[in-house]
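I opened this structure for a first look. Here are my notes, in the order I looked things up.

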Amino acid sequence: MDALIAPRTDANDEIELKLLAPAGVLDRLREAPVIVRHARNGGVARRLDAVYYDTPDRTLFRHGLSLRIRRSGNRYVQTVKRAPVHGQPFVRGEWEATVDGAAPDLASLPVSEIGSPLDAISSDALDPIFETKVRRRTQRLEFLGAVIEVAYDQGSIEAGERREPLNEVELEVKAGNPRVLYDLGIELLEIAPLKIGTQSKADRGYDLAFDLAPKATKATTPAITAEHTVDDIVAEILGTCQHHLLANQAVAEDGRHHEGVHQMRVALRRLRTASALLRRELGLPTMRGLAGEAKWLATLLGAPRDWDVFVTETLGGPAEHLKLDSVDFDGLRRAAEPYRSIAYGALRDALAGPRYNRFQLSLRRWIESRSWRNELAGNSLAVLLEPAPAFAARVLTRLHRKALRQGAHFRRLDPDARHQLRITLKKLRYATEFFQWIHGRNAEHSQYFGCLAQLQDVLGHDNDTTTTQKFLSDLAHQPVTPEVQRTIGVVIGWQARDRIEVGRELRWQWRRFATIPPFWPN
């Protein structure tokens, strides 16, 4: 198995896990048995004040960079950090240089290595944006053969008159296997109500300074090529799915942008698709448990997403086209808002809870250590060396044939059969995305993927209509005004008309898909 080598990070990469803590918890963590037992020293306390700089139009922030000057005593350190790398949510590029004072000095940094846009910015173009004031206590642990630096940070982020408290624990691998971060993180979850922090201090500072809402992130395509093996496929797909999920956590918690919950749901669908196809092809008992946790989380995300769709897309169509004095679409939205708020509240509680955070840390540990190798029988390990093209063709062919089989006699499919077909088409779409770089983005691929995406979108619209019927029924039984009651009737009528149009579109899109040839070699 010498050919199965785990990917390495760059020498300038920082591997760090951030855990957010409630006020007053840091002292309890410092005294935890797992910390005391493995500590190499009693800890060092320092005061760290840092100022973050950017151009007036936030060039660095828009390109996923942050630049700070941190003062510790009489020493000033300039640091540039880059957003987490592809498929590795806890790995960030980091470059440091000692400087003479509190002003930025880009000439002291390896600007050519960091690249755009820093290589086109002068030091005097940078202005102070916000600052952090932190009391930090650091300890070094020897834990499971690795050296981990633990930093307990307590203080504040400040931008003008605005101020936000800061209480967090940062675990950084200094030597050894990165997987130990997640082992230690899981142990700390048993001691205190900690939550994975997906935003850096810089992210939070920009949000505070400019009243920004966290921005949703779409999925990235796994970097799987014809040169990769099945072992690489497992790591790459699961890594990108988890990265996508974590990248949208803060957006979903914030709730101002509906896209956050939507993208978390997409990430989970991709993760569950990957779990299903890997479990079928390789066995891997752990995938069943991970898929179960993903399903639990998807259910929690379902309610806020459904209400988001209702108040925007469902009501948007008739509200735009029907200008009637006797109906009240805004009133119907207001009537729906308490339900939406309850759904978001339940989601926030879950994202802050131990089950969700343990799931994320366990999944990262499993990926980082490539534990699937330990779940295959000795004589089955050779399957991990199978070339990616052969594996991809087998998976795509099976899903394509299953979809054609389920969609036979499409006009006569009952709602349950149509739902099962929709699930298979989703799996096929995500699998097509996973493996798209193996054969290249040619015209055949674009035609197949476009046809599949359009069919799935129409099926999704049909499913949203079914969900809406329950929402309208619930709202109709609430003490609402006569205008809102009439509006409910208008929406029901609009959707009945819409469903006829969707039915025609569905049949046309299905005929188109059923005749399109696969783009991969069989």
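My entries cover the core, some aromatic pairs, a pocket and one proline.

**Ground rules.** I am working with a predicted model, where local features need pLDDT of at least 70, side-chain atom pairs count only at pLDDT 80 or more, and totals for chains, interfaces and linings use all residues. Residues are numbered from 1 along each chain as its sequence is written, and side-chain values use heavy atoms, with hydrogens and water left out.

I checked its neighbours: Leu188 touches Leu19, Leu29, Val34, Ile35, Leu171 and Leu194, leaving out residues up to four places away in sequence. Contact means heavy atoms within 4.5 Å.

**Aromatics.** I counted 18 aromatic pairs; rings of Phe, Tyr and Trp (its six-membered ring) pair if their centres lie within 6.5 Å, and planes under 30 degrees apart are stacked, over 60 edge-to-face, the rest tilted. Why is the pair of Trp307 and Tyr339 stacked? Their planes are at 20°, with the ring centres 5.1 Å apart, so the pair is stacked. Trp307 sits in helix α10 and Tyr339 in helix α11 (residues 329-352), 32 residues apart. Trp307 is buried at 6% relative accessibility, while Tyr339 is partly exposed at 25%. Buried means under 20% relative accessible area, exposed over 50%, partly exposed in between (1.4 Å probe, protein chains only).

I also noted Trp510 and Phe513, both in helix α17 (residues 482-515) and three residues apart. Phe513 is buried at 0%.

**Pocket.** The second largest pocket holds about 1,500 Å³ of space. I found 48 lining residues, with Arg269, Arg422, Lys426, Tyr430 and Gln456 nearest the centre. On a 1 Å grid over the protein atoms alone, a pocket is an open set of points where a 1.4 Å probe fits, with protein on both sides within 12 Å along at least five of seven lines; lining residues have an atom within 4 Å of a point. Its volume is the space filled by probe spheres set on the points, which are joined across faces, edges and corners.

**Pro214.** I found Pro214 in the loop between α6 (201-210) and α7 (230-247), buried at 11%.

Terms used. Helix = DSSP H or I, 4+ residues; strand = E, 2+ residues; numbered from the N terminus.
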